[in-house]
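Hello,

Here is the structure I promised to pass on. Please open it first, then read the notes below.

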Amino acid sequence: MIEFRSVSKRFPDGTLAVQDFSLVLPSHKTTVLVGSSGSGKTTLLRMINRMVDPTSGSVAIDGEDIATLPPVKLRRGIGYVMQNSGLLPHRTVLDNVATVPLLRGTPKRQARADALVLLDTVGLDRALADRYPGQLSGGQQQRVGVARGLAVDPNILLMDEPFGAVDPIVRAELQQELVRLQKDLDKTVVFVTHDIEEAFLLGDQIVILREGGRIAQVGSPADLLARPADDFVASFVGADRGRRVLHVERHGAEDVVVDSDGRLAGVLNGNPAEGDR
Amino acid sequence: MTWVLANLGLIWARTLDHVVLSLPPIVLCFLIALPLGWLARRYRISRGIILTGAGLLYAVPSLPLFFVLPAVIGTGLRSPLNVIIALTLYGVALMVRVVSDGLDSVDADVRQSASAVGYSAWSRFWQVELPLSGPVLLAGLRVVAVSTVSLVTVGAVIGVQSLGSLFTDGFQRGIQAEIIAGLVVTVGLALVFDGGLVLAGRVLMPWNRRAAPSKPNVPVELRAT
């Protein structure tokens, strides 16, 4: 469990990135921080591995205030995946995945063997093991990034817009992979994105942030859709534009689903047995 | 040509002298410039002081420096140490800026992600920043190597033997072939040093070589033309 206790962060240039933020992120769940730029979502994420230290307030992991832990040791125990993968360009794919275990003193042979297995886990061909990151596609690099994040089998996985820079098709693929992985691995995932669709797909708990890290609403995707706290949330999840408000229209023998703009959203599958056919 | 053939032994001996005088400054200046360049990049105040100091150092003419050094550090006027120290200073003057620029050239994202996954400042410098500034360092070191090989010849004027002695001797005795031989071998030696560094760079920085030709998103048919 990760706990933010009235955390604020003012950067040296005077920007108040986060103001009096309190939240509990339950273990073994995916919490998604959603907001536009300037909402402080990345700052919040970076507080969890002490890349950013709060100006006031504290962050606790399983009840322990992390300000008391040495940052380097803390970071080696937390998986971190960032946009543009952040891989080391001068290390092969395999060595990139093995980075953190090697830093923690795992013998090289062992670390590399484990890294090969992780390539399988994230759906990468082992033939890529000896390539350099610059020789991979954006999607492949992100997979390597995820594998690296998982390498020490951390309880907590921090993901900072990890799929933000890949094209929509690859992104959808990676999102599905993550859903599958999370089902098996059961990590405490903290995911930052500005894409509400991504948040709905991945999040158990979604936190919608206003500017300055103020919470607009916390809840499950269903909560946010069905009962948006205010116009800001409604607009963020798209409920105000009628894209989320659907009704059924009869077209000949079929029922089709239409949103309030009249845009076709899909076909109603009233009979599950028929759908399985 | 007959002079050259008759004096191959002499040319070889001077070449070896030359190598012995050139190598230490190149290595030493790199080792000294490394912490200085790091310091120059690290703090704004030290940056101004170190980089300006290094620039001024390079402006000191070499011949007077060869004469002044013995007085300052107490070596003999004809000691090869004078040449080695003077050329180390010139190398440092060039390399400090190169090291600082090289460290600057490391992608901020990579640096941050290295910290985020748990590199300490120390291990990040040696395992991430230093290797990634390799291409810039190599470019600087190549300039230093070539200029050092050429500057060693000036030492001949104060009596420190090197390929430069072939110039001074050739001038004094009017042997043109000796002067030309000295010149050609010096240039040749500079090329050998340069080639050696390029080769070392390829061995030490395989990612740099392999990544270049297969940049993603470049259509194959475009690359063929």
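How many salt bridges are counted between chain B and chain A? The count is zero. Keep in mind that this is a predicted model.

The two chains do meet in other ways. Seven residue pairs are in polar contact across the interface of chain B and chain A, both residues being at pLDDT 80 or more. On the side of chain B that touches chain A, three helices each supply at least two residues: α6 (108-116), α7 (121-132) and α11 (206-211). Of the elements there, α6(B) gives the most, with seven residues. By class, that side of chain B has 12 nonpolar, eight polar and two charged residues.

Now the extent of the interface. Contact involves 22 residues of chain B and 24 residues of chain A. Interface size is often given as the accessible area lost when the parts come together. Between chain B and chain A, the buried area is about 2,000 Å². Carbon and sulfur atoms give 60% of that area.

Next, the inside. The largest nonpolar core has 75 residues. Which residues have the most contacts inside it? They are A:Ile2 and A:Phe4. Leaving out residues up to four places away in sequence, A:Ile2 touches A:Leu23, A:Val24, A:Leu25, A:Ile48, A:Val59, A:Ala60, A:Ile61, A:Ile156, A:Thr188 and A:Val190. There is also a second, separate core, with 42 residues. Among them are A:Val97, A:Leu124, A:Leu128 and A:Val237.

Best wishes

Methods
Residues are numbered from 1 along each chain as its sequence is written. Chains are lettered from A and ligands numbered from 1 in the order in which they are written. This is a predicted model: local features need pLDDT of at least 70, side-chain atom pairs count only at pLDDT 80 or more; totals for chains, interfaces and linings use all residues. Side-chain values use heavy atoms; hydrogens and water are left out. A nonpolar core is a set of buried Ala, Val, Leu, Ile, Met, Phe, Trp, Tyr and Cys residues joined through side-chain atoms within 4.5 Å. Buried means under 20% relative accessible area, exposed over 50%, partly exposed in between (1.4 Å probe, protein chains only). Contact means heavy atoms within 4.5 Å. Buried area is the accessible area (1.4 Å probe) that two parts lose on being put together, summed over both. A salt bridge is a side-chain nitrogen of Lys or Arg within 4 Å of a carboxyl oxygen of Asp or Glu. A polar contact is a pair of N or O atoms within 3.5 Å; within protein, one must be able to donate a hydrogen and the other to accept it, and residues adjacent in sequence count only if both atoms are side-chain atoms. Helices (H or I, at least four residues) and strands (E, at least two) are DSSP runs, numbered from the N terminus. Ala, Val, Leu, Ile, Met, Phe, Trp, Tyr, Cys and Pro count as nonpolar, Asp, Glu, Lys and Arg as charged, and the others, Gly among them, as polar.
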